[in-house]
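Work through the exercises below with the sequence and the 3D view open beside you, and try each task before you read its solution.

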Amino acid sequence: GGGGGWRRPHGPLQRYYGPSATEAAEAAPDPTDINGPHFDPEVFMTKVRSECPLGQLLAQEAALGREIRALDSDMQTLLYENYNKFISATDTIRKMKVDFRHMEAEMDDLAANMAAISASSARVSAALQDRHRRGAQLAGVQALLRKLQALVEVPGRLRRWAGTEPARALRCYARARAVLRHYRHLPSFRAIEDESHAIMADLARRLRTRLRYEKLDPKELTECVEMLLQLEEPPEELSEEFLSQAGARLEAELAALEAELPVSDPSGTAATPPPASDILDFVDRGSSAFVGTLCQLAGSYRARVDRYLRALQTFFLGCLGDVRQALAAPRPPGKEGPGLPDLLATLAASVLGQLKAVLAYVQLFTARDVAFASLPYFKGEFCVAAVREGLVVAFVRWLCRTARGFADGPAERGAPAAPPALLLLLARLCLDYENSTISYILTLTDEQFPPQDSGPSVTPGPALCAEARAAAQRLLDHYVQVQGAAVAQMLRKSVETRDWLGTVEPRNVRAVMKRVVEDITAIDVQVGQLFEEGVRRAQSSDSSRRAFSVYSSSRAPGRYAPSYTPSAPMDTHLLSNIQKLFSERIDIFSPVEFNKVSVLTGIIKISLKTLLECVRLRTLGRFGLQQVQVDGHYLQLYLWRFASDERVVQGLLDEVAASAAHRCLDPVPMEHSVVELICERG
């Protein structure tokens with residue numbers, strides 16, 4: 001058509017969306033424009049007869065005839081090609097008219113039924129609301145009464161079990177002791193505590209009497225001392241009585257063996273040696289009695305070390321529980337809780353302090369006033385096998401396995417998964433152990449418990465550091481996968497729930513893209529609290545303003561890339577595959593490094609790869625393609641600064657755009673200047 005007013009230079013938005021309503025109204029109508037909306041045949045014929053000579057009239061008549069025949073031919077072709085579709089569409093519309101009448105009536109009935117159900121539900125809820133509240137209160141009272149009943153029954157259970165099952169009585173008292181002490185200010189609880197304390201004091205006296213006056217075998221002796229320790233008896237007195245009892249038993253068994261030896265004749269004549277069978281019986285009795293008792297008593301030291309190891313493990317799990325509770329605790333508005341660096345410092349200091357305390361307790365076994373502590377065969381075995389390997393190395397390995405279990409072991413059915421912040425914190429803890437803590441702990445242990453030159457072999461420090469680093473790497477990789485899956489889930493839902501064929505012209509960036517940028521920013525802040533920045537690849541002069549086009553220079557077909565004119569028709573897929581051959585391969589799930597930009601790059605790669613795979617499964621219209629173009633440019637504006645290499649983000653977004661163009665039925669991209677204006681406005 002000839003209306004040239006809207007072709008005058010205007011802004012990018014006006015060039016794209018056409019003239020405004022005001023300009024269209026101000027443009028004067030032209031009744032002689034055969035392609036215009038105001039065409040008038042009479043005015044046109046009058047003007048042509050008065051202005052054009054006969055030859056021009058004949059030429060214009062021939063041209064109009066050719067255009068009419070061409071239009072008729074196109075219409076017939078279109079009709080022939082789509083005849084079956086027209087018939088099918090007519091039948092479908094006829095069926096829809098009938099079906100929608102029935103459906104409308106059914107929907108009216110359904111709406112009436114739902115209204116009646118809602119009214120009935122509201123009446124039932126209103127009638128049962130007070131009963132429900134009362135039932136909840138009664139359930140809470142019942143649970144409290146059960147707990148009170150259990151506390152009231154504690155003295156009776158202690159009295160019943162103290163004589164026959166003292167270990168069971170101790171477990172019962174240990175469960176109730178903390179509660180009774182906490183509510184001691186209440187008279188009823190004070191009476192229960194006093195009665196329970198009296199029963200346990202009587203049990204302690206009986207155990208003391210048994211320890212002092214009865215002949216106990218090594219196992220019974222060890223159990224008796226452990227129960228007295230649980231009753232908070234003085235450890236110094238118990239150790240003296242333990243050693244006294246053990247020494248007396250060994251001396252008695254040794255005296256019994258000496259009594260069986262043949263007595264020499266006072267006149268100097270050698271005694272007749274016993275038969276060989278008697279010698280074998282003597283050796284057997286000595287091995288089963290004296291040597292067996294000695295081994296059991298020596299094993300009690302190792303059992304004590306094992307108890308310290310279990311105590312360290314319990315303490316660490318308690319600290320982890322406190323950290324999880326601090327991470328999950330709700331924060332009042334305007335009040336922030338402890339940050340990740342504070343939680344990490346508290347956890348590391350608590351565990352290290354507890355380990356030092358345990359080493360101080362174990363060091364009492366090697367004190368100078370202990371006679372056997374200076375013997376090489378005891379000190380070498382005890383310092384290396386029991387303390388260094390059985391306590392320190394075993395605890396460090398258990399800590400690494402426990403931390404790694406949050407990433408390796410699947411969560412139990414119904415059990416909450418570990419929060420991402422806990423994975424990040426444990427990864428930093430294991431990395432700190434690898435860098436400094438393990439070396440410090442082993443040096444401290446070797447100073448307090450020096451190993452013998454000829455003693456058993458020890459676990460080298462680098463081997464423990466390698467285990468700690470492997471645990472840290474696994475935890476950090478799992479953190480990237482968890483956070484990447486969370487962002488990818490948002491992108492997947494946003495693609496799957498949108499009608500990309502019937503969408504309207506893009507006017508704004510979709511809200512989910514803004515949410516993705518916000519979440520990536522929050523993750524950047526979280527990771528930055530515990531890990532260093534890392535090294536970024538040199539950026540381009542203006543990364544945030546790079547052009548994000550549906551067709552890159554190597555992928556664009558000829559109609560959208562004037563600078564590239566192929567000599568023969570080429571498929572877009574072929575160009576895309578050629579481009580991939582010369583581009584750097586992007587490994588999506590590669591292990592990350594221990595720095596912030598590497599972690600963020602891993603999360604961004606997982607997110608954008610998910611977006612790419614989701615777009616490949618959709619069919620898009622023209623405006624759907626343009627919306628992908630706008631969203632991709634918005635992500636490019638903000639995500640490049642989080643990645644270690646901006647080309648990773650650009651490459652994945654280019655693949656998203658190319659896939660969207662291939663899946664589009666009418667691939668007409670939006671002008672880049674318009675895309676920039678929409679993203680800046682968003």
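**Exercise 1: Cysteines**

A search of the whole structure finds 0 disulfides, where a disulfide is taken as a pair of cysteine sulfur atoms within 2.5 Å. This is a predicted model, in which local features need pLDDT of at least 70 and side-chain atom pairs count only at pLDDT 80 or more, while totals for chains, interfaces and linings use all residues. Residues are numbered from 1 along each chain as its sequence is written, and side-chain values use heavy atoms, with hydrogens and water left out.

Solution. Begin with the cut-offs: buried means under 20% relative accessible area, exposed means over 50%, and partly exposed lies in between, for a 1.4 Å probe and protein chains only.

**Exercise 2: An aromatic pair**

Task: find how many aromatic pairs there are, and state which parts of the chain the pair of Y308 and Y361 ties together.

Solution. Rings of Phe, Tyr and Trp (its six-membered ring) pair if their centres lie within 6.5 Å, and planes under 30 degrees apart count as stacked, over 60 as edge-to-face and the rest as tilted. By this rule there are 6 aromatic pairs. Y308 and Y361 form a stacked one, with 6.2 Å from centre to centre and 20° between the planes. Because Y308 lies in helix α11 (residues 276-328) and Y361 in helix α12 (residues 340-362), the pair ties together parts that are 53 residues apart in sequence; helices here are DSSP runs of H or I with at least four residues, numbered from the N terminus. Finally, Y308 is buried at 15% relative accessibility, whereas Y361 is partly exposed at 48%.

**Exercise 3: Charges over rings**

Task: name the ring over which the charged end of R498 sits.

Solution. A charge sits over a ring if NZ of Lys or CZ of Arg is within 6 Å of the ring centre and within 35 degrees of the ring normal. The charged end of R498 sits over W500, 5.4 Å from the ring centre.

**Exercise 4: Confidence**

Task: state where pLDDT, the predictor's confidence in each residue from 0 to 100, stays under 50.

Solution. The protein chain averages 79, and 78% of the residues score at least 70. The value stays under 50 over residues 1-13 and over residues 551-570. Where pLDDT is low, the predicted coordinates should not be read in detail.

Terms used: Helix = DSSP H or I, 4+ residues; strand = E, 2+ residues; numbered from the N terminus. Contact = heavy atoms within 4.5 Å.
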